[in-house]
Amino acid sequence: MLGPMVRVRVLYFAAIRERIGLDQEDLDLPERTTDRAVLALVGTRHPAAAPLLAPCRIAVDQAFIRGEVALRTGAEVAVIPPVSGG
Amino acid sequence: MTPTRRATIHDGPLPAAALTPADLCAPAHGALASFIGVVRDHARGRRVIDLDYACYRAMAAKVLDDLIAEAARDHDPDLAAIVTHGIGAMRPGDASVAIHVASAHRAAAFAACRQIIERLKQDVPIWKHERYDDGETVWLQGS
């Protein structure tokens, strides 16, 4: 049982963006999900990016999440590859 | 008086004004520590021609604010800090990040400044895209 789905905006950056060829897309995700489940879904949708996703983190509405999360409609869900600022 | 705390994402290399801590110190501050990150001309044995910093802007500014608050919590509730990170195209010698921290004493100023740059490198959503002299480009993963 997936439960209710919500439409969210998924953002891609850096190597992931380059590999997928999109900077964002709207996807229907389960309202109750986890960071790893979101990454798995992105990998299934975009197999070319799958090898790069293991070290990625997920941010929801500009904050990192870990484990379970409750998504709201219109949430901003970002796939964050390991950062390299500074 | 509320200490100055400011985090900014700047388009392009940092201007001279971002490299100096201008109005950061309050009368109670006896120590000021600064860190400035500069683009290197080499990385992992390769010659870097130029690079591009990509950024998740809305989140980067928030995380920088959080890191300043965290450093204040860990080192000095009266900490003042200004952090500026440049994004976009840069060349070796350009300043990409500047962190200025003021505190009553040097131990807290050094420690907070160090903590902010180390945490920035873990959590601020900015990515370096390097171009080498053989024309290849690479997105750096982690640093």
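What is the volume of the largest pocket? In this predicted model, local features need pLDDT of at least 70 and side-chain atom pairs count only at pLDDT 80 or more, while totals for chains, interfaces and linings use all residues. Residues are numbered from 1 along each chain as its sequence is written, chains are lettered from A and ligands numbered from 1 in written order, and side-chain values use heavy atoms, with hydrogens and water left out.

The largest pocket has a volume of about 180 Å³. A pocket is an open set of points on a 1 Å grid over the protein atoms alone where a 1.4 Å probe fits, with protein on both sides within 12 Å along at least five of seven lines; lining residues have an atom within 4 Å of a point. Points are joined across faces, edges and corners, and the volume is the space filled by probe spheres set on them. Among the 15 lining residues, A:Gly86, B:Val38, B:Val39, B:Arg40 and B:Lys128 are the closest to the pocket centre.

Chain B and chain A bury about 1900 Å² between them, 58% of it on carbon and sulfur atoms; buried area is the accessible area (1.4 Å probe) that two parts lose on being put together, summed over both. In chain B, the most area is lost to chain A by B:Tyr56, B:Trp127 and B:Gln141, together 35% of what that side buries. The rule finds one salt bridge across this interface (a side-chain nitrogen of Lys or Arg within 4 Å of a carboxyl oxygen of Asp or Glu). A:Arg57 pairs with B:Asp123 in a salt bridge, with the closest N and O atoms 2.8 Å apart.
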